[in-house]
Structure formats: structure tokens, C-alpha cells
Amino acid sequence: MADTEGAMKCFLEGYRLILEGIGKLGYNIRDENFIDTARRASKALAQMTLCSKDCDAEVAQMLSRTFPAKYEEMVISKHNVSFGICPHHLLPVIYRISVAYIPQKQVLGISKLSRLAALLARRPILQEDLTHELARLLHEKLESKGAAAYVEGLHMCMAARGAQAHEARVVTSAVRGAFLDQPATRQEFLELVTATPLNLL
Ligand SMILES: [Zn+2]
């Protein structure tokens with residue numbers, strides 16, 4: 001059972017403790033800049049961590065509204081910049097998400113693909129699982145001929161800590177149906193979504 005209010009209370013309590021820890025490192029947490037920090041940080045974390053129930057409901061509703069179409073070629077929504085946090089460090093991840101599917105009689109409103117990417121990214125989830133889920137949903141829920149997802153992630157846990165990987169992106173891809181069975185289809189998708197160089201920041 002999701003409890004958004006309870007989550008905010010825990011976030012606040014947690015950030016107050018983190019601030020106390022920062023104070024122990026010799027920083028003046030009574031400084032004006034820190035006064036409302038616990039509340040601001042909690043709000044920011046809540047924005048990066050959607051309630052899973054709300055997220056599932058919105059995704060289900062979005063994928064149930066389709067339009068009839070004769071088009072049966074690849075539909076791609078590419079380079080959607082989305083944000084989330086990694087479950088291992090709770091640090092932000094900037095994603096660039098490309099998704100595609102090959103419709104079978106029904107298509108999704110094109111803006112919905114971007115919305116889907118943004119929604120699913122705003123969770124404490126592994127990039128690998130996010131990629132898998134995008135392809136699975138576009139294949140199963142749309143009853144499409146196939147679906148694919150290609151995700152590039154700039155992970156703050158890699159970029160900002162000691163890993164010396166400031167520019168390193170994690171790249172994951174997942175394919176279903178026709179994209180899996182036909183190498184040429186998969187190749188076409190990959191070529192289209194990697195055609196321009198990475199430029200996340
Ligand atoms: Zn991490």
C-alpha cells in the first residue's frame with residue numbers, strides 16, 4: 001500500500017539526520033542556506049521517486065488509449081531526456097531514452113512515448129530493468145509486432161564519486177518480437193537512435 005505522506009515524513013527525518021552529520025564535519029548547518037534544506041531535499045527526492053502505485057496506474061491508462069492506424073512500420077521516439085535515481089546510491093541519473101515499436105492495427109499518441117519514458121525513469125530502479133520494462137510494455141500492452149528500447153545513462157554515482165568516470169555513460173538496450181527475430185530491424189533501430197553523438201549535459 002503506497003503512503004505518500006508517510007514517505008515524505010521519512011524523507012524529512014532522514015535529511016535532518018544527514019544535515020546533522022554534515023554539521024559534525026565542521027559545517028555550520030545553522031547558516032541561512034541550510035534552514036529549509038531538509039524540506040527542499042525531501043521534495044526533490046519525492047519528485048525523483050514517483051509513488052509506484054500512481055506510476056503503474058498512469059502507465060496502464062496511457063497504454064490503454066490507442067488509435068486505429070494502417071501504419072505498420074517502425075515508430076520511434078528518440079533522445080527523450082529523463083531523470084531518476086539509482087537504487088544503489090540514491091543519486092541522480094540523467095537518461096537519454098529512445099524507444100520504438102512496430103504497431104499492429106493500433107498506435108499510441110506520439111507524445112505518450114516521451115511521457116512513458118519520463119514516468120518510468122522517475123523511480124529508484126536499475127537502468128537495466130528500466131530498459132527491459134520499456135520494451136516489454138510496448139510489446140505486450142500495445143500488442144505490437146515488436147518493441148525496442150535504447151537507454152544511455154549518466155550516473156552521478158559514477159560521474160561524481162571516485163570512479164574517475166566523469167563522462168562515462170551506461171548503455172543498455174532491449175528488444176522484443178520483430179526486433180529480436182529480424183537482425184535488420186534491430187540494426188535499423190540502433191542506427192537511427194545512435195546517429196547523433198551523446199550530449200547529455
Ligand atoms: Zn548508483
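What share of the 201 residues in the protein is buried? In this predicted model, buried residues account for 38% of them. Among the elements, helix H5 (residues 127-140) has the highest mean pLDDT, at 97, while H6 has the lowest, at 88.

The overall layout comes next. The protein contains eight helices and six strands, and these follow one another along the sequence in the pattern α-α-α-β-β-β-β-α-α-β-α-β-α-α. Taken along the principal axes, the C-alpha atoms fill a box of roughly 65 × 40 × 20 Å. The accessible surface amounts to about 11,600 Å², and carbon and sulfur atoms contribute 55% of this area. Of the contacts between residues at least 6 apart in sequence, 71% join residues at least 24 apart.

Cysteine 86 sits in the loop between strand S2 (75-85) and strand S3 (92-102), whereas cysteine 157 belongs to helix H6 (residues 156-159), so the pair ties together parts that are 71 residues apart in sequence. Both cysteine 86 and cysteine 157 are buried.

In soluble globular proteins, nonpolar side chains tend to be buried together. Here the largest nonpolar core has 31 residues, and Ile97, Tyr101, Leu134 and Leu138 are those with the most contacts inside it. Two or more residues of this core come from each of helix H3 (52-64), S3, strand S4 (106-108), helix H4 (110-121), H5 and strand S5 (146-155). The most is given by H4, with six residues. Isoleucine 97 illustrates the surroundings: leaving aside neighbours within four places in sequence, this residue is in contact with Ser77, Lys78, His79, Asn80, Ser82, Ala117, Ala121, Leu130, Leu134, Tyr150 and Val151. A second, separate core has ten residues, among them Ile102, Ala148, Tyr150 and Ala178.

Alanine 174 gives a view from another part of the chain. This residue is found in strand S6 (residues 170-177). Although alanine 174 and alanine 149 are 25 residues apart in sequence, their C-alpha atoms are 5.3 Å apart in space. Apart from neighbours within four places in sequence, the contacts of alanine 174 are Thr131, His132, Ala135, Ala147, Ala148 and Ala149.

Finally, there are the aromatic rings. How many aromatic pairs does a search of the whole structure find? The search finds one. It is formed by phenylalanine 179 and phenylalanine 189, whose ring centres are 5.8 Å apart and whose planes stand at 80 degrees, so the pair is edge-to-face. Phenylalanine 179 lies in helix H7 (residues 178-181) and phenylalanine 189 in helix H8 (residues 183-193); the pair therefore ties together parts that are ten residues apart in sequence. Phenylalanine 179 and phenylalanine 189 are both buried.

Terms used: Residues numbered from 1 in each chain as written. Predicted model: local features only at pLDDT ≥ 70, side-chain atom pairs only at ≥ 80, totals over all residues. Heavy atoms only, no water. Helix = DSSP H or I, 4+ residues; strand = E, 2+ residues; numbered from the N terminus. Buried < 20%, exposed > 50% of the residue type's maximum accessible area, 1.4 Å probe, protein only. pLDDT = per-residue confidence, 0-100. Phe/Tyr/Trp six-rings, centres within 6.5 Å; stacked < 30°, edge-to-face > 60°. Contact = heavy atoms within 4.5 Å. Areas by Shrake-Rupley, 256 points an atom, 1.4 Å probe, with all protein chains shown as cover. Core = buried A, V, L, I, M, F, W, Y, C linked by side-chain atoms within 4.5 Å.
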